[in-house]
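Work through the exercises below with the model open beside you. Try each task before you read its solution.

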Amino acid sequence: MTTGTETPVESGAGLPEDSHQLSAKLRGAAVAALPPERLMPDRQPAYVASWIYVFGALTLSALGVVIVTGLVLAIFGPSWWHLSTTGLFVNSLHMWSVEVFFFAMVVHLWGKFFMAAWRGRRRATWITGVVSFVVSVGAAFTGYLSQQNFDSQWVSTQAKDGINSTGAGAIFNVTNFGQMLMWHIVLLPLVVVALVGVHVLLVRLRGVVPPFAPPDAPATEAKGTPDSQGEVGPNSQAVPTEGRS
Amino acid sequence: MQMLGAVKDSLVGSLINLTGPGKYVHWGFIQISVANLVVIGLMVIVFFAAILIPFRRHGGRGR
Ligand code: HEM
């Protein structure tokens, strides 16, 4: 379609007379907060060249495999995943990718803990991480309850006393298979994916946290935490950065 | 198929014997299965490996 005024529209700026519209305001705010090159940068600060930074992406990849294999299980159903060899294989992929997910998540959070990666207005990143962890534990728990075997019977009867003692048993009944399956395949995955989405967007929004200043750095440089996206903080000059951080 | 199953069973069975009650470590009020302890140990090892093993950087400007 040719309007004769493609340039401002195509550049995302829109037409001046449309600027009062909700779509224009939302787009403007989104693009200002996370311009494409910040959302998906080509380069990272030099200090990101360490294996410890890989574990967030590894956790994310494992979550991707969990979701895809879970979708395949949902397509073919329980008799398939219990009885056919392919079904058992996909069921195992689902279970083992959860193991990788938690393994990578724990290494990730240890890394972030020792970097104090909540510095410089990154609190919300840490908190969304913590909450994703807790919700993921719930997702794994309801997964164990959805196995339809003696294991899940054992887990549910052990858990029911604990949950009943909190009073939550009245609405969250761990011996109710249908309810646990729905939590496992609908509610909790939605929450985990939403939280992880916010978590990763926050990382892009704030940039990767700069390392602590070395002990022999001048006091002025060492104190204070970066309080803006511009990284006014330890090592902001000392460490060569590549691209936007 | 049955053959394959038998081969698989004996292979996995020879690695870890899963028949019988699980093995647990008791240490005061702490009680943990050996399996969980092994996973925690592996996480610690991987954590230090991730910090210590140099990350190969490819081309481009900068260092
Ligand atoms: C649900 C699982 C999780 C996923 C998929 C995930 C994913 C990621 C990714 C991809 C990054 C950026 C790359 C990196 O630095 O590794 C990141 C950064 C971060 N993660 Fe997670 N994460 C998860 C759980 C957690 C948990 C449990 C915590 C802490 C309790 C946490 C704390 C952080 C922090 C503080 C950063 C920001 C680091 C910075 O700004 O430099 N994350 N996460």
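## Exercise 1: Chain A as a whole

In chain A, residues 24 or more positions apart supply 65% of the contacts with a separation of 6 or more; contact means heavy atoms within 4.5 Å. This is a predicted model, where local features need pLDDT of at least 70, side-chain atom pairs count only at pLDDT 80 or more, and totals for chains, interfaces and linings use all residues. Residues are numbered from 1 along each chain as its sequence is written, chains are lettered from A and ligands numbered from 1 in the order in which they are written, and side-chain values use heavy atoms, with hydrogens and water left out.

**Task.** State how many helices and strands chain A has, and what share of its residues is buried.

**Solution.** 
- Step 1. Count the elements: chain A has ten helices and zero strands. Helices (H or I, at least four residues) and strands (E, at least two) are DSSP runs, numbered from the N terminus.
- Step 2. Read the order from the N terminus: α-α-α-α-α-α-α-α-α-α.
- Step 3. Take the burial: 36% of the 245 residues of chain A count as buried. Buried means under 20% relative accessible area, exposed over 50%, and partly exposed in between (1.4 Å probe, protein chains only).

## Exercise 2: Chain B as a whole

**Task.** Find the pattern of elements in chain B.

**Solution.** 
- Step 1. Chain B contains two helices and two strands.
- Step 2. Along the sequence they follow α-β-β-α.
- Step 3. Of the 63 residues in chain B, 6% are buried.
- Step 4. Ser33(B) sits in strand S2 (residues 30-33) of chain B. At a relative accessible area of 14%, Ser33(B) is buried.
- Step 5. Leaving aside neighbours within four places in sequence, Ser33(B) touches Lys23(B) and Tyr24(B).

## Exercise 3: Helix H4 of chain A

**Task.** Check the span of helix H4 (residues 54-76) of chain A, then find what covers its buried residues.

**Solution.** 
- Step 1. The expected span of a helix is 1.5 Å times one less than its number of residues.
- Step 2. H4(A) has 23 residues, so it should span 33 Å. Its end C-alpha atoms are 34 Å apart, which agrees.
- Step 3. The buried residues of H4(A) include Phe55(A), Leu63(A), Val66(A) and Leu73(A).
- Step 4. Their cover includes helix H5 (78-83), helix H6 (85-114) and helix H9 (177-206) of chain A. Helix H2 (34-52) of chain B is also part of it.
- Step 5. Look just past the helix: Gly77(A) has a positive phi of about 85°.

## Exercise 4: Where the chains meet

**Task.** Describe the interface of chain A and chain B.

**Solution.** 
- Step 1. Count the residues: 16 of chain A are in contact with 15 of chain B.
- Step 2. The buried area is about 1,400 Å², with 74% from carbon and sulfur atoms. Buried area is the accessible area (1.4 Å probe) that two parts lose on being put together, summed over both.
- Step 3. Trp51(A), Phe103(A) and Trp110(A) supply 39% of the area that chain A buries against chain B, more than any other three residues.
- Step 4. H4 and H6 are the elements of chain A that give two or more residues to the side touching chain B. H6(A) gives the largest share, six residues.
- Step 5. Ser50(A) lies in the loop between helix H3 (36-39) and H4 of chain A. Its relative accessibility is 17%, so Ser50(A) counts as buried. Apart from residues up to four places away in sequence, Ser50(A) touches Ala50(B) and Phe55(B).

## Exercise 5: Salt bridges

**Task.** Locate the salt bridge of the structure.

**Solution.** 
- Step 1. A salt bridge is a side-chain nitrogen of Lys or Arg within 4 Å of a carboxyl oxygen of Asp or Glu.
- Step 2. Between chain A and chain B there are zero.
- Step 3. Over all chains the structure holds one. It joins the side chains of Asp161(A) and Lys160(A), at 2.9 Å, N to O.
- Step 4. Asp161(A) is partly exposed at a relative accessible area of 46%. Lys160(A) is partly exposed at 30%.
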